[in-house]
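Please read them beside the sequence and the model.

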Amino acid sequence: MRNFGNDVGTEELAHFEVVGTIVYQLTRDMHADEIKAAGYDGWYVEHGLGVYPQSAGGDAFTAAALQSKGDPIADMYENLAAEQKARVTYEYLLDMIDDEDVAKPIRFLREREIVHFQRFGEALNYVKDWQEKKHIFYGNERRRT
């Protein structure tokens, strides 16, 4: 069975890189008065102008944000939900962005979330179809009848 998760997971890390690059480009030339006026002074004290992964609410990214039960059906539904949540987040960002140079890559990332959702849906169907078939296990090999 093809490992759908690794392909999409690798691309998700690239999404972080794109968003991080946008944040860096928007903040790299900020001066102290601009940092304070924007309310970034606390951030600056902790991270300078570095990109640090956290939620909009200020919660730092940790592995606890990733979910896995080891059950392919449960994990596929978790992935589907994550893709939809990411899509909605990009839509909310687009509601607030008036800079086309920022909006264009965010729209691209939003489109990728839609594609990922479709791929996970296909993988879910593949797993469900495989589970419905009769299987004969011989030694360490799996053989279908």
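**Notes on helix packing and the chain**

1. Helix 4 (residues 72–96) packs with helix 5 at an angle of about 165°, their axes lying 9 Å apart, where axes are lines fitted to C-alpha atoms over the stretch in contact and angles run from 0 to 180 degrees between N-to-C directions. Helix 4 is therefore roughly antiparallel to helix 5, a term for angles over 145 degrees. By class, their contact has 18 nonpolar, 5 polar and 7 charged residues.

2. The model is predicted, with local features needing pLDDT of at least 70 and side-chain atom pairs pLDDT 80 or more, while totals for chains, interfaces and linings use all residues. Residues are numbered from 1 along each chain as its sequence is written, and side-chain values use heavy atoms, leaving out hydrogens and water.

3. Isoleucine 114 is found in helix 5 (residues 100–132), and at 29% relative accessibility it counts as partly exposed, that is, between buried (under 20%) and exposed (over 50%), with a 1.4 Å probe and protein chains only. The C-alpha atoms of isoleucine 114 and leucine 80 are separated by 9.8 Å, although these residues are 34 apart along the chain.

4. The chain has 5 helices and 2 strands, in the order α-α-α-α-α-β-β from the N terminus; these are DSSP runs, with at least four residues (H or I) for helices and at least two (E) for strands.

5. Of the 145 residues in the chain, 20% are buried. Among contacts (heavy atoms within 4.5 Å) between residues at least 6 apart in sequence, 57% join residues at least 24 apart.

Methods
Angles under 35 degrees count as roughly parallel, over 145 as roughly antiparallel, 65 to 115 as roughly perpendicular and the rest as oblique. Ala, Val, Leu, Ile, Met, Phe, Trp, Tyr, Cys and Pro count as nonpolar, Asp, Glu, Lys and Arg as charged, and the others, Gly among them, as polar.
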